[in-house]
Amino acid sequence: MRTGGLAVCVSWSEHRVTSELGRRLTLGCVLVAGPRSWSVISRSEELMSRSDMADVTGEKIKVELDTFDITCDDDAVLDKMLEQCLCHRIKGEDIVNEWVAFSTTKGLLKLTVNSLETFEHEVLNKKHKNKGSSKSSKFNNTRDVHSIQELIKAEEEEENLLDSYSTPAKVGSQKRALTTPEQPQSKRTAARLPSPGLLLSPASFSPCATPSQKYSMRGARGEVVATFGAVQGPRWSGKGQTAVQVDLLEGREYSLTSSYKYMFQRLRDVRDVLTEKIEGLGEELRTHFNIEEFSPASLPVQDTVTVLGQVCCDSNGKLNAQSVLLEASQEHGARQVPVDLSELKDYSLFPGQVVVMEGINTSGSRFVASKLYEGVPLPFFSTPESTKEMNEASEPVMVMVACGPYTPSDSLAYDPLIDLINIINKDRPDVCILLGPFVDSKHEQIEKGQVTETFETIFSRCVDSIVDGTRGTGSKLVFIPSQRDVHHHYIYPQPPFTLPDLKKDDVQRVTLAPDPCTLLIGGVTLGLTSTDILFHMGAEEINSATGSDRFSRIMKHMLTQRSYYPLYPPAEEVNMDYERFQQYGLLPLTPDILIVPSEMRYFIKDVIGCSCINPGRLTKGQVGGTYGRFLIQQNPVYEEGRRVSPCIAGQVVKI
């Protein structure tokens, strides 16, 4: 007979299989021949396995545990073991036997949810991979999104074919349950669907497919290591608000949205950009401090004068108190003059900083500074609409931010990224910001070329796993590249990623932003850059300031210099295009929240009214790292006429 355009031959046998729905089938095996040339697939064994899984319950697992004198009164532990039985298709007695063997090798490890996660990673997942490898001769182990979708479609066709052999009274009960936000799919149903781990299996990326043992054995998972704002009260779970708008502040027509030609800039163009920076910031300082005029720093004078210039070093080495030079603008001769800082009590300087100093230069060869003027930050964002609604209460928006690399340094297994996707599904943030690198150029296996697929393919799988794995949460996703992304343009400012295969349903949910960028989320501005400016400036800054920490000083320099990367010359690993930097690398305003991921220690702190966050990196070498989350008030809040930060609370959490 013919069903759905496929020729079907059925041979009957006496096998009787009872499914969880209570129906009886006497179907032995099905031979399907069609355009895809499917082979003979035995259904009896698979149906029997599903029947065994239906018999597994928490009570039966508890009875098996009692056999080994293991008491378990925690329902969460039993639910976790039941979930593992369903996911890995094993019986209750088998998982208890495996656990007893595992805990014995670990010195009678206590039965907890965390220890079960370690058990699943070290024992169950490896068994699942071994089973998959034994079938590699029949099925290709490397699967992409399209092949997995075809497998799901084929499974649906087979189940529909089996349904055709049941009685009409039972057909309705055997159809797949409809999944909606109000009626989410059960854990059992979800266990049968492909997880993000299938797409991110290291076996398809590299011959060295061993997961990182140090990462799987990490401790303090979910520990909050830094807090800001309201410590008690906020609930760290969003609503997946689809109404939350995520936009580039200056609009797409004035933002960097596509690639550009680089590796071609003249020295005169670089000079013009630096000169305009000195003159622009100098004019703002002159107006703010009511300075009449600036004098040339190299002109010999006996009176105190005010000079404008850019800090630089007298050699290629690191800046120190004896090597500081002040380079004047073109208007004042563009000469470099050594600066004596001995009379300054508090100062913080770095190469490329535009400063205004008071002092004397009696000989014309050395400027003795006696006063240093602080920079002036830009105003915050405000609109007539937000001004009208500033007193109206609005729902807080939860934002989660994470920065790569998303793999441990000793493996290409994307376990940290899979863990992050699970956290997104659990907490349902309204907006999730993910910064590169996604395919890290500094990874040892990437550097040595020990991969079996192209870098673009690996990146595509990462993005597909994130988008598909979080579709049910309703969270808005923002992807920002890094100069360490081996497949992307190695230039600063860096154009956004391109995702030509992004589904139409996901276009409204996904935002592709450049590095750096300024985002507008419901009236709150966020400044972001994936370039490690903290590390680069921290290595060059000198100071004699008392009562301030280095991170606060660097953040203040970024805000007062009005730039995402005020350091000049830049670090060797940063390829700067200064003409584009002048267009897209300067701060258009003082953001409400400034996010600067770094190798340096994580922090959340307020700097001159701006909430500055270093969420750290998702992995630190071979172990897990941190990510950030914070709650923002969509409309500005004012108390007694003073502005209050829209960032209600923030945390840095270990993965």
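In the predicted model, A402 has L434 of strand 14 as its bridge partner. Strands are DSSP runs of E with at least two residues, helices are runs of H or I with at least four residues, and both are numbered from the N terminus. Strand 13 (residues 397-403) and strand 14 (residues 431-435) are paired in the parallel sense over 5 bridges, where pairing requires that DSSP finds at least two bridges between two strands. Helix 13 (residues 415-427) packs on the sheet and touches strand 13, strand 14 and strand 25 (626-632), contact being defined as heavy atoms within 4.5 Å. The direction of helix 13 makes about 175 degrees with that of strand 13; axes are lines fitted to C-alpha atoms, for helices over the stretch in contact, and angles between N-to-C directions run from 0 to 180 degrees.

The sheet is open and has 7 strands in the order 5-28-25-13-14-15-16, with mixed pairing. Strand 5 (224-229) and strand 16 (510-512) stand at the edges with a single partner strand each, so one side of each lacks a neighbour in the sheet. From one strand to the next, the twist averages 15 degrees. Helix 15 (residues 455-469) lies across strand 14, strand 15 (476-480) and strand 16, and runs at about 165 degrees to strand 15.

The loop between strand 15 and helix 16 (504-507) contains H487. H487 is buried, with a relative accessible area of 17%; buried means under 20%, exposed over 50% and partly exposed in between, for a 1.4 Å probe and protein chains only. Apart from neighbours within four places in sequence, H487 is in contact with V439, F455, E456, F459 and F497.

Residues are numbered from 1 along each chain as its sequence is written, and side-chain values use heavy atoms, without hydrogens and water. Local features need pLDDT of at least 70 and side-chain atom pairs count only at pLDDT 80 or more, whereas totals for chains, interfaces and linings use all residues.
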